[in-house]
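We will go stop by stop, picking residues as we walk.

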Amino acid sequence: SLNRSPVARLGRLPRVLRGLGWLAGKRGLRNGTLYMSVSGGLGQVYELAFILLARLRRMRVFLHHHSFAYLDRRNLLTLALVRAAGNDTVHIVQSPRMAERLQHNYRANRVVPVSNTVFVSAGGIPVARRRLATIGFLSNISADKGVFDFLDLMAAAGSAGVPVHAKLAGPFQDADTEQAVRKRLSLLPQVEYVGPQYGADKDAFYSAIDVLIFPSRYRNEVEPVTVYEATSRGIPVIAYGRGCIPEIVSADCGLVIDPAKPFVPAALAQLERWLADPAAFQAVSKAAAARFARIHSENEMRWRELLQEMAGKHLGAEEVTS
């Protein structure tokens with residue numbers, strides 16, 4: 001959920017208290033491992049409590065960072081969290097750029113970059129797209145995730161006579177967003193809403209599109225799995241350059257647009273170039289799959305080594321992937 005309201009945060013309190021109670025009462029945790037994801041905002045208050053208790057229990061702490069919100073500018077709560085975690089804590093981030101910012105802003109001692117490619121199941125052997133016909137959007141459907149930029153792009157394509165169709169997929173964030181999107185869809189017959197997509201339906205969605213559009217405005221955006229799912233299948237990506245996206249999508253496998261600039265003109269111009277040159281588009285499709293394979297290979301061993309360290313033993317390949 002993208003709900004970050006105070007009510008939503010307070011709703012987590014009973015579960016947090018149960019978790020803290022379990023951690024405080026559990027025997028045999030000395031030299032054990034606490035592995036925890038770090039929130040992008042005030043949720044760090046809860047995580048700080050777990051960290052302090054884990055250190056009191058003499059546990060080893062591994063913190064996995066999934067937000068750029070506190071990396072773009074220094075945050076006092078995050079500073080307190082990193083200081084409380086201590087120098088022995090292992091901080092896991094998604095890219096070298098994230099590692100650099102965490103060390104620069106918070107003086108974190110040990111930071112290990114591990115790309116989200118290690119959590120993505122590649123969609124079989126990637127098939128190079130021979131021509132551009134259909135673009136797609138797959139995400140939580142919200143203004144923050146850029147759904148209205150996507151719809152604006154399709155409206156502009158229609159007005160300019162650019163012959164592309166589109167598939168829109170994902171759950172609506174709330175009723176107001178659904179109402180606004182459906183109203184726009186009634187004016188865009190070339191756009192099909194296909195609902196949330198999981199499992200085989202998601203595979204079918206990716207098989208039906210040629211380019212993924214990802215104009216996210218979400219300030220906590222880091223390394224969206226959707227982008228990797230697309231590139232693993234040889235699908236080029238056009239996205240706003242938030243978080244780690246400029247490190248994922250290189251110029252030879254898609255287009256990254258400066259978040260300070262309008263999305264639609266640049267995205268539409270790129271679609272027109274690919275439509276005019278199918279051979280160039282096919283080359284970009286092949287490059288997207290190759291880039292995913294390279295990033296995955298570089299990060300897989302690093303993640304395996306971290307898992308071994310967390311478990312305090314040697315892990316076989318079967319255990320790592322399970």
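## A walk through a predicted model

Keep in mind that this model is predicted.

Stop 1: How many strands does the open sheet have, and in what order? There are six, in the order 7-6-5-8-9-10, and the pairing is parallel. Now pick out the edges. They are strand 7 (191-195) and strand 10 (254-257), and each pairs on one side only. Look along the sheet from strand to strand. The twist from one strand to the next averages 20°.

**Stop 2: strands 6 and 7.** Select residues 165-169, which form strand 6. Strand 6 runs parallel to strand 7, and four bridges join the two. Zoom in on Ala169. Which residue of strand 7 is the bridge partner of Ala169? Gly195 is that partner.

**Stop 3: strands 8 and 9.** Select residues 211-214 for strand 8. Strand 8 pairs with strand 9 in the parallel sense, over three bridges. Click on Phe214, then look across to strand 9: Ala239 stands opposite.

Stay with strand 9, residues 237-240, and show its side chains. Are they buried or exposed? Val237 and Ala239 lie on one side, Ile238 and Tyr240 on the other, and all are buried. Both faces of strand 9 are therefore covered, since a residue counts as buried under 20% relative accessible area.

**Stop 4: two cysteines.** A disulfide is a covalent bond between the sulfur atoms of two cysteines.

Cys244 counts as buried because its relative accessibility is 1%. Cys253 is buried too, with a relative accessible area of 1%.

Stop 5: Where does Leu17 sit? Leu17 is in helix 2, residues 13-25. Is Leu17 buried or exposed? Leu17 has a relative accessible area of 51%, so it counts as exposed; the cut-off is over 50%.

Technical notes
Residues numbered from 1 in each chain as written. Predicted model: local features only at pLDDT ≥ 70, side-chain atom pairs only at ≥ 80, totals over all residues. Heavy atoms only, no water. Buried < 20%, exposed > 50% of the residue type's maximum accessible area, 1.4 Å probe, protein only. Pairing = 2+ DSSP bridges. Axes fitted to C-alpha atoms, helices over the stretch in contact; angles between N-to-C directions.
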